[in-house]
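This report describes one protein chain, part by part. Please look at the sequence and the 3D structure before reading on.

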Amino acid sequence: MTVSLDQLRRCHFAVDLGAARTRVYVKGAGLVVDQPSAAAVNTRTGALIAVGEFAEKMTGRTPAYIRVVRPVSGGTVVDIEMAQRMLRQLLGEKLRRALRRKPRLRAAACTPHDADPLAQRAAVETLVGLGARRVELVDTLVAAAVGCGLPVERPEASMIMVCGAAATQIAVLSLGSIVTAQRIPVGGEAVDHAIVQHLRHQHELMLPSQSVRPLQLALSGNGLTPHGPSSTEIHGRDVATGLARSVQVDTAAVRDAIQTPLTAVLDGIGKVLRDCPPDLVADLADRGIMMVGGSALLPGLDQMLRHATGMPVHIADRPDICAVQGLGEMLEGRIEPLSLDPLAA
């Protein structure tokens, strides 16, 4: 299944449903929603209490009858009804009324690379439940490449790495299509989990909430490379006593703890390059890798990749919103109608 740029220009809004954040782009209005993909539900009545940032702040701080849920996992909608309720609340009544007035409302949505038919169907049904008469699906890799300004329509290689919360997607694009790509089930959450486990096992310390990104706390200002201060103070809860406690964490030990998830990402980059034609690999020696996605901002990740691959590594200006911005570029008709294939495999 493929979708043309002409079909995308007919769409009225675009949605990037991510495991960490949900973003909505409305044609002519720009980015109107950028909120965490979270919803707080009263389990007794089924009522929706909060969505977005307010719901995320409730994580770990609610009574037993209030549950914070995430209807999206790994870029795939796992709870269609809850995703629809969350999107309705995030859009607001005024914007929903404006969209409903559009004749034959059309929508576009990002889907992970190589998403199976069930995942694609879930994305379509979620937006159909919001009133869309037709839904166009776009590969996240292509949308992100367009959003960060890569010349994907040219006959030369462009390499992109989408660093998500639950997965990392890597691809080489040329002439508007994906030449080779890999999707690795390792993202920012895996790195965070490795840090949490290290603090628990080595220092018997639990962080206040799983919603806090421990990597930023442990490595802020130090990075993933062996430079900067040798230790960082971390505040948390003692495993044995339950009391608040602070410890000095050795940043070198933290770097060792996160090597396992980061090694999987490096293996994925190597496989993509091995599967790529030599002429395109030669292009990448100068152009390097473009990093997008929220996890691209992990401190020192770009330096680590640069050191491991020997290639230039760049971070997009706004890496977290590149995918939805790329969808917006397509909706607004700012992309030349060459050979761009938004669902090319």
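Helices (H or I, at least four residues) and strands (E, at least two) are DSSP runs, numbered from the N terminus. Two strands pair if DSSP finds at least two bridges between them. The model is predicted, so local features need pLDDT of at least 70 and side-chain atom pairs count only at pLDDT 80 or more, while totals for chains, interfaces and linings use all residues. Residues are numbered from 1 along each chain as its sequence is written, and side-chain values use heavy atoms, with hydrogens and water left out.

Three bridges join strand 4 (residues 39–42) to strand 5 in the antiparallel sense. One of the residues involved is Ala 40, whose bridge partner in strand 5 is Ala 50. Contact here means heavy atoms within 4.5 Å.

## A sheet with the order 14-15-16

Another open sheet of three strands has the order 14-15-16, again with antiparallel pairing. Strand 14 (205–206) and strand 16 (244–250) stand at the edges with a single partner strand each, so one side of each has no neighbour in the sheet.

Strand 14 pairs with strand 15 (residues 231–238) over two bridges, in the antiparallel sense. Leu 205 has Asp 238 in strand 15 as its bridge partner. Helix 6 (residues 188–203) lies across strand 14, strand 15 and strand 16, and runs at about 105° to strand 16.

## Parallel strands and a buried residue

Strand 11 and strand 17 pair in the parallel sense over four bridges. Met 161 has Met 291 in strand 17 as its bridge partner. Strand 17 also pairs with strand 18 (residues 313–315), in the parallel sense and over three bridges. In strand 18, the bridge partner of Met 291 is Ile 315.

Ile 160 lies in strand 11 (residues 158–163). Is Ile 160 buried or exposed? Ile 160 is buried, with a relative accessible area of 0%; buried means under 20% relative accessible area, exposed over 50%, partly exposed in between (1.4 Å probe, protein chains only). Beyond its neighbours within four places in sequence, Ile 160 is in contact with residues including Leu 141, Ala 145, Met 290 and Val 292. The C-alpha atoms of Ile 160 and Ala 145 are separated by 6.6 Å, although these residues are 15 residues apart along the chain. In strand 17 (residues 289–292), Ile 289 and Met 291 point one way, Met 290 and Val 292 point the other way, and all are buried.

## Two crossing helices

The axes of helix 5 (residues 140–147) and helix 12 (residues 322–332) come within 6 Å and cross at roughly 80°. That makes helix 5 roughly perpendicular to helix 12 (angles under 35 degrees count as roughly parallel, over 145 as roughly antiparallel, 65 to 115 as roughly perpendicular and the rest as oblique).

## The whole chain

The protein chain has 12 helices and 18 strands. Of its 345 residues, 51% count as buried.

Note on methods
Axes are lines fitted to C-alpha atoms, for helices over the stretch in contact, and angles run from 0 to 180 degrees between N-to-C directions.
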